[in-house]
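Please read them with the structure open.

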Amino acid sequence: RWPRHLLVVAALDLLAAYRWDSRTALGLALTSLAAWRGLAVGLVPTVLGPGIAADLRASAIGLGVLYLAAAVISARLERKPHFESVFAPAGLLLLLGGLLAGVFTDPRAWTLWLLATLVVAGLVMAVAVHLGRSLYFALGLLAAYVALVRLLFEPFRYGMYADSLPLLLSAGLGAGALAVIFAVHRRMRER
C-alpha cells in the first residue's frame, strides 16, 4: 500500500510543480518518486537476483539518469529551464550515490564500481566546469573523494597502522578536495 501512496503523491506533486511553476513541489515529487522506488524494491524479495542492495543500487542509478535527462531536456527545450536546478542535483545525488553504494557494498566487484564512479565523477566535473555549475562540480568531486577513501583504506585493512595512517591520509585528501572546490568556484565566478 505504501509504494502506491508514494507514487500517487509523486504524481500529484509533479502536476502541481508544472501547474504552479514550483521548484519546491518538484523537489517533493522527485523525493517521493525516489522513496517509492526504494520502498517498492525493499518490499519485494528477490529470489534469483543478486539481492536487495543490488536492486536498490540499480534503481538509484536508473532514477539518477532519468532525472539528469529531465534536467537536460528542460534546459534545452527551454520548457521550465529553472527546473534544471532541481532535476540535476537530485539526479547527480542518486547516480553518484548508487555508484558509491557499489564501491562499499559489493565486495567482489568494488574495484569495477570504483572505476565507474571515478569515470562518471570526472565527466560530471568536466561538464560542470564547462557549464559553470559549481554545485555539480562539488558533487562530482565529493563522489570521487569518497571512492578514493575506500581505495585508501584497502591496503591498511589488517595492518599495524590500520587505525591512524589511513585517517590521516584521508584528511589530507579531503583538505585537497576542499581546496580544489574553492579554486574552481572562484574561477567560475570570475568567468
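The points below go from the overall fold to single residues.

1. Basis. This is a predicted model, in which local features need pLDDT of at least 70 and side-chain atom pairs count only at pLDDT 80 or more, while totals for chains, interfaces and linings use all residues. Residues are numbered from 1 along each chain as its sequence is written, and side-chain values use heavy atoms, with hydrogens and water left out.

2. Overall fold. The chain has seven helices and zero strands. Helices here are DSSP runs of H or I with at least four residues, strands are runs of E with at least two, and numbering starts at the N terminus. The order from the N terminus is α-α-α-α-α-α-α. The C-alpha trace spans about 60 × 55 × 20 Å along its principal axes.

3. Of the 191 residues in the chain, 35% are buried. Buried means under 20% relative accessible area, exposed means over 50%, and partly exposed lies in between (1.4 Å probe, protein chains only). Among contacts with a separation of 6 or more, 62% join residues 24 or more positions apart. Contact means heavy atoms within 4.5 Å.

4. The core. Which residues touch the most other members of the largest nonpolar core? They are Leu26, Leu30, Tyr67, Phe87, Leu92 and Phe137, out of 36 residues. Two or more residues come from each of helix 1 (2-20), helix 2 (23-43), helix 3 (52-76), helix 4, helix 5 (110-131), helix 6 and helix 7 (165-190). Helix 4 gives the most, with eight residues. A nonpolar core is a set of buried Ala, Val, Leu, Ile, Met, Phe, Trp, Tyr and Cys residues joined through side-chain atoms within 4.5 Å.

5. Helix 4 against helix 6. Two packed helices are described by the angle between their axes and the distance between the axes. The axes of helix 4 (residues 84-105) and helix 6 (residues 134-153) come within 10 Å and cross at roughly 5°. Helix 4 and helix 6 are therefore roughly parallel to each other. Angles under 35 degrees count as roughly parallel, over 145 as roughly antiparallel, 65 to 115 as roughly perpendicular and the rest as oblique. Axes are lines fitted to C-alpha atoms, for helices over the stretch in contact, with angles from 0 to 180 degrees between N-to-C directions.

6. Who meets whom. From helix 4, the contact residues include Glu84, Leu92, Leu96, Val103 and Phe104. From helix 6, they include Leu135, Leu139, Gly140, Ala143 and Arg150. The residues of this contact divide into 14 nonpolar, two polar and two charged. Here Ala, Val, Leu, Ile, Met, Phe, Trp, Tyr, Cys and Pro count as nonpolar, Asp, Glu, Lys and Arg as charged, and the others, Gly among them, as polar.

7. The structure holds three salt bridges. The criterion is a side-chain nitrogen of Lys or Arg within 4 Å of a carboxyl oxygen of Asp or Glu. Aspartate 21 pairs with lysine 80, with the closest N and O atoms 3.4 Å apart. This pair links distant parts of the chain, 59 residues apart: aspartate 21 is in the loop between helix 1 and helix 2, lysine 80 in the loop between helix 3 and helix 4. Aspartate 21 is partly exposed at 38% relative accessibility, and lysine 80 is buried at 15%. Glutamate 84 forms a salt bridge with arginine 133 at 2.8 Å between the closest N and O atoms. Glutamate 84 is in helix 4 and arginine 133 in the loop between helix 5 and helix 6, 49 residues apart. Glutamate 84 is buried at 12%; arginine 133 is partly exposed at 29%.

8. Arginine 150. This residue lies in helix 6. Arginine 150 is buried, with a relative accessible area of 15%. The side chain of arginine 150 meets that of glutamate 154 in a salt bridge (2.3 Å, N to O). Glutamate 154 is partly exposed at 24%. Beyond four places in sequence, arginine 150 touches Val103, Phe104 and Trp110.

9. Phenylalanine 137 and valine 184. Leaving aside neighbours within four places in sequence, phenylalanine 137 is in contact with Met125, Ala128, Val129, Val180, Ile181, Val184 and Met188. Valine 184 is in helix 7 and is buried at 18% relative accessibility. With the same exclusion of neighbours within four places, valine 184 is in contact with Val129 and Phe137. The C-alpha atoms of valine 184 and serine 134 are separated by 7.4 Å, although the two are 50 residues apart along the chain.
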